[in-house]
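Hello,

Here is the structure for you to look over. My notes on what was found in it follow below.

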Amino acid sequence: MGTGTALAVDPDVVTCTLAPRYDAVKTARDFARTSLCSWGLDDLFDDVALVASELVTNALRHAIGRPTAADLPGQQLPQQPGPFEGRLPIRISLVHRGNQLVCAVSDPSSQGPVTREADFVAESGRGLHLVDSFSKSWGWHPLASGTGKVVWALFQAEEAPAGMSSIGLDSSVGRHRRSA
């Protein structure tokens, strides 16, 4: 599976399909940088890049297969034979409306993300805490097909470019809500 970027009919909705490899995280960050710069939202890059990295890493670890120390950057991740084989790829999508941006990562697992208690000595397990800290809100939804899910994070820019409307996200939608 290769990587590719597709520009939808709406220029404010872009998607990139990611290969199941370690370098998919870098590809996602590069895709975010290019998209944000084209929309004049460079100031959001650091937060969006961090959240995109966490969401793509989670998709690679939990939906595709857990990498081992023997895996090297650029190599295929170990595919665990089973329910995800031959199914949906990992995709990152960015949706820009007014001064809001949604970063969404879809993957073949139907299991929702689980926020764990922060363990300050563990090497992993803090990703969703970072997503929560660096985004305005986040959540996840199963895909309509019944296979796979999308995990999304909402970001707020300082001010909307002229002529842009806001993303109409219903605050009651989503599995996770961060209080303001």
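Start with two helices. Helix α2 (residues 45-64) packs against helix α3 (residues 127-134) at an angle of about 150°. Their axes are 9 Å apart. Angles over 145 degrees count as roughly antiparallel, and α2 and α3 therefore run roughly antiparallel to each other. The crossing of α2 and α3 is left-handed. On the α2 side, the contact is made by Asp47, Leu50, Val51, Glu54, Leu55 and Asn58. Gly127, Leu128, Leu130, Val131 and Phe134 make it on the α3 side.

Please keep in mind that this is a predicted model.

Next, arginine 61. This residue is also found in helix α2. Arginine 61 is partly exposed, with a relative accessible area of 33%. Its C-alpha atom is separated by 10.0 Å from that of tyrosine 22. Along the chain, arginine 61 and tyrosine 22 are 39 residues apart.

Now the rings. Arginine 33 lies over the face of phenylalanine 45. The distance from the ring centre is 3.8 Å. As for aromatic pairs, a search of the whole structure finds zero.

Last, serine 106. Its place is in strand β4 (residues 100-107). Is serine 106 buried or exposed? Its relative accessible area is 18%. Buried means under 20%, so serine 106 is buried. What is serine 106 in contact with, leaving aside its neighbours within four places in sequence? The contacts are Pro89, Ile90, Arg91, Lys149 and Val150.

Best wishes

Methods:
Residues numbered from 1 in each chain as written. Predicted model: local features only at pLDDT ≥ 70, side-chain atom pairs only at ≥ 80, totals over all residues. Heavy atoms only, no water. Phe/Tyr/Trp six-rings, centres within 6.5 Å; stacked < 30°, edge-to-face > 60°. Lys NZ or Arg CZ within 6 Å of the ring centre and 35° of its normal. Helix = DSSP H or I, 4+ residues; strand = E, 2+ residues; numbered from the N terminus. Buried < 20%, exposed > 50% of the residue type's maximum accessible area, 1.4 Å probe, protein only. Contact = heavy atoms within 4.5 Å. Axes fitted to C-alpha atoms, helices over the stretch in contact; angles between N-to-C directions. Parallel < 35°, antiparallel > 145°, perpendicular 65-115°, else oblique. Left-handed = near helix turned anticlockwise from the far one by under 90°.
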